[in-house]
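Here's a quick briefing to go with the chain you have open. Take a look at the model first, and then we'll walk through it by topic.

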Amino acid sequence: MDPGSTQLQQAQLAAILGPDPAPFETLISHLMSSSNDQRSQAESIFNLCKQTDPNSLVLKLAHLLQLSPHVEARAMSAILLRKQLTRDDSYVWPRLTASTQSSLKSIFLTCVQSEEAKTIIKKLCDTISELASGILPENGWPELLPFMFQCVSSDSPKLQESAFLIFAQLSQYIGETLIPHIKHLHGVFLQCLTTSSSSDVRIAALSAVINFIQCLSSSADRDRFQDLLPAMMTTLTEALNSGQEATAQEALELLIELAGTEPRFLRRQLVEVVGSMLQIAEAESLEEGTRHLAIEFVITLAEARERAPGMMRKLPQFISRLFAILMKMLLDIEDDPAWHSAETEDEDAGESSNYSVGQECLDRLAIALGGNTIVPVASEQLPAYLAAPEWQKHHAALIALAQIAEGCSKVMIKNLEQVVNMVLGSFQDPHPRVRWAAINAIGQLSTDLGPDLQVQYHQRVLPALAAAMDDFQNPRVQAHAASAVLNFSENCTPDILTPYLDGVVSKLLVLLQNGKQMVQEGALTALASVADSSQEHFQKYYDAVMPYLKAILVNANDKSNRMLRAKAMECISLVGMAVGKDKFRDDAKQVMEVLMSLQGSQMETDDPTTSYMLQAWARLCKCLGQDFLPYMSVVMPPLLQSAQLKPDVIITSADSENEIDESDDESMETITLGDKRIGIKTSVLEEKATACNMLCCYADELKEGFFPWIDQVAPTLVPLLKFYFHEEVRKAAVSAMPELLRSAKLAVEKGIAQGRNDTYIKQLSDYIVPALVEALHKEPDTEICASMLDALNECVQISGRLLDESQVRSIVDEIKQAITASSSRKRERAERAKAEDFDAEEGELLKEENEQEEEVFDQIGEILGTLIKTFNASFLPFFDELSSYLMPMWGKDKTAEERRIAICIFDDVAEQCRETALKYYDTYLPFLLEACNDENSDVRQAAVYGLGVCAEYGGSAFKPLVLEALSRLNAVIGHPNKLQPDNVMAYDNAVSALGKICQFHRDSIDSAQVVPVWLSCLPIKGDLIEAKVVHDQLCSMVERSDIELLGPNNQYLPKIVSVFAEVLCAGKDLATEQTASRMINLLRQLQQTLPPSTLASTWSSLQPQQQLALQSILSS
């Protein structure tokens, strides 16, 4: 910059910050200018002032705030001051001199007293709170709290309100600084809530109280404020009584916040509070917005499961009232002609905002409280609606049934007859909207109550839906019937569906030729689903259906029927997968030609074809397998593009006035993270998720054929392991990791990896494994944690010893972290179970959450097993580190699943590390012996299997425990229900372990007694792996004429022959081919060497069909 312009700038700054106020006022007005140029020029000058002379700048702003006659200028300076005093990049406070700091503080307090404009007082309070939250904790503003208490006790409503506005914000920012004043605050709040005549003051006080209660961590402190609750509620009721609904709505929003964060605060006065809210909801004279907020309050309390489990179920009389209110809201619907003539299924003409709130709240209420609470209420209220003459009432009952089904599924499944009768009775209703609602209910129930509904009522539901497809007067009813066929068949097995296919498919073909596009689309989706559910049974319809589908694909090419063409693609690809490659092959070529030409054409961004096409290609690949490879070069570039889409994100601060405007674009979803509100375009996310899923499909299907794409796909998907905007994207990225590694490994092994070798696999593994470990560390969702551990386990299996020590170290550290995190989540749940209102239903839900936790432990067990199998003894130092995490899992207080996993890990160590594992026997064997008699059969199985391993590899370390082991195994083998499906695996493993003791520790046992017991247990047929081991051992013992096995005078020979016979008759299941041929040889030898009388008696002890089978085996 040349010196002249620098001088000019300095002169300009001197004028702006000089004694004459005009230049500064001009600068501030330019900052508010609507012209971009003028504004950005003013911003750069403002920032220059801030850099060169922050003291003058903030004092100028403060004087403007105090003295300017223009409201806009005062407002702007309050906003700018707040910005400079916010602790982020623009924070200037530490750069100000002590005298500037002190002037600012006193000007702020003077302004609170002198300012009259309400909007500016609010902004000023924001600025004061912002500054105070930074300096009050260090006692940097000792005058502030005395000033606020003085304001509160003054007789000026304006000052009282200002003080409460500041208290409310300070409670949020630095609540702990206010806690020493809790007594004083309690008095102040009570005084103002009960005596102030100004509704503004009462609302500000309500906001301050609610924020303060939320910052109190001790429940004793919160209880002190219980006596404010009646006054808090009065604020609401008085506002309503005096017709100030806007004030009432503010109060309701604050109380909803309290219900969500501190529901137990309301518990002691729950009956009064909920009663008042329902009164508001019932008051038809009030605005809808007010009534909806009152309902939102009650639903929020019902949903506060984490903080107040079971509390609302204790108020059945209120649930019944709320249900009645919501049912009444569903009646607010008109028979709008636009609904009947609609072109798309999502046209909801005639539905009011009452109707949609009622619908959403029924769904939320049922999910929050569950079927035991809601179904009795519904059974009481719905029959009257169904019996009434008005169509709106029939419609409401059916919509309500569909809405509560998800939350009440377990209870509704027990009362299916009643539910199905209610719905099917309305299929003949004279009003088409009622028939539509009945079909809608069947569709929803097929999803929520399946597959029970399908199994028990297919013979009533499918014919009813088929009949509804004949309603040519009402295309919406027809289209909806087709969609319900889709829901019904998604949860359906081929054997249920097949008998109806003739009728259903022929009707759907008629609908395909319908003039209404909505009906055609419905028919396409239904056909796709029916084909998908009936699989090869669909072959007989293929020749009739496919020509229609191809015709739509080729001819539906103007903008109005894009969706039709997209659904045709979906349908063709699902039909192709159902009937298989041979049947589909010729048409597949034509279809792919059409898809390729579409792929090359320019499509608009909102064209649904893209995402349907991505999925259709992947299905075609699944159907054609390696024959699909030539098309990959067409498919992959656009797929990668979709997978790399950047999410459309708008970020605002969570408390900002300008909310993200969702009204004009339904596909925006907002989430709040900390103090940021994030709006995301969902259509982009869905396309991205679909693309990632498809990449995973190709890698899985094509195996080594996918190799050429790995270098592009890996860098696309690895970063998405931490894509927190969308779970589906993360899930797909996680599933793809092992597939990519496997593809590379197979390509290298088969020599089609373009000259690359193990070094390449190691590079890929070095890229993927650490990324997975790091993502696991940050993953918030328990289910995805389990998937990540699963994927990591597969990667370790594939990479094997290519993993280096530091990677194993990071995996082990992550396992520690996962065990710790899981334990603390379980502790939190146990705490929740101690809540006053905790009941059986909460217990059920808790159990489900804990089962998801077990999935994490399962995967931890799997991955440790893999590490032990891969690295053997060199993994033991890590195992030693982990033992303090694993030992507690053996505890009696742990779930059976955790005990089983802990035992399996020790079994793996003993089996893989053999003599290097002997040092662990002292610690683990006592647990193992005890677990042999655990009440859970899976735990018993793992324990007796472990005994077998230790018997085989333990040598002298196992010797002292042989007799104890025998008695434990004896208990399992002698169990009265040993052969029941639940117990047979434990039994088979116990028999196998007993065999190992006979084989490796014969000198420590009374073998003449034990060996015959072992023989009497054979053959074993449950655990097919152990069966092969045990029957091979039997063979070896017979081959060496084991005396104790054959018994005195060969008395056990008939038993041995009958075991051989059973094993041989079972085909390949119970013995390897090698063992089987050894058995046949032994039987032939016996035929030749045994005296005829012995032989005859041995044969006669067999069952007739075994005799026949053996004769044919031996003579062949």
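Which residues are buried in helix 8? They are Leu-144, Leu-145, Phe-147, Met-148, Phe-149, Cys-151 and Val-152. Keep in mind that this is a predicted model, with a mean pLDDT of 89 for the chain.

**The chain as a whole**
- You're looking at 54 helices and three strands.
- The C-alpha trace spans about 130 × 75 × 70 Å along its principal axes.
- Of the chain's 1116 residues, 54% count as buried.
- If you take the contacts with a separation of 6 or more, 72% of them come from residues 24 or more positions apart.

- A pLDDT of 70 or more is reached by 97% of the residues.
- The stretch to watch is residues 656-664, where the pLDDT is below 50. Beyond near neighbours in sequence, this stretch has twelve contacts in the model.

**What UniProt marks**
- An unreviewed UniProt entry puts the feature "domain: TOG" at residues 368-605. In the model, that span is 79% helix and 0% strand, and its end C-alpha atoms are 38 Å apart.
- Residues 419-457 are 74% helix and 0% strand, with the end C-alpha atoms 11 Å apart.
- Residues 924-957 are also 74% helix and 0% strand, and here the end C-alpha atoms lie 12 Å apart.

**Around helices 8 and 9**
- Helix 8 covers residues 144-153 and is mostly covered itself, with seven of its ten residues buried.
- The cover over those buried residues includes helix 6 (98-114), helix 7 (118-135), helix 9 and helix 10 (182-195).
- Leu-165 sits in helix 9, which runs over residues 157-178.
- Leaving aside neighbours within four places in sequence, Leu-165 is in contact with Lys-122, Cys-125 and Ala-204.
- Leu-165 and Leu-65 are 100 residues apart along the chain, and their C-alpha atoms are separated by 19 Å.

**Arg-899 in helix 43**
- Arg-899 belongs to helix 43, residues 896-913.
- Is this arginine buried or exposed? Arg-899 counts as buried because its relative accessibility is 8%, against a cut-off of under 20%.
- Not counting residues up to four places away in sequence, Arg-899 touches Met-889, Trp-890, Gly-891, Lys-892, Lys-894, Asp-934, Glu-935 and Val-939.

**Val-594 in helix 32**
- Val-594 is part of helix 32, residues 581-600.
- With residues up to four places away in sequence set aside, Val-594 touches Leu-553 and Val-554.
- How many residues apart in sequence are Val-594 and Glu-935? They are 341 residues apart, and the C-alpha to C-alpha separation in space is 62 Å.

Terms used
Residues numbered from 1 in each chain as written. Predicted model: local features only at pLDDT ≥ 70, side-chain atom pairs only at ≥ 80, totals over all residues. Heavy atoms only, no water. Helix = DSSP H or I, 4+ residues; strand = E, 2+ residues; numbered from the N terminus. Buried < 20%, exposed > 50% of the residue type's maximum accessible area, 1.4 Å probe, protein only. Contact = heavy atoms within 4.5 Å. UniProt positions renumbered as here; feature names shortened; annotations may be inferred. pLDDT = per-residue confidence, 0-100.
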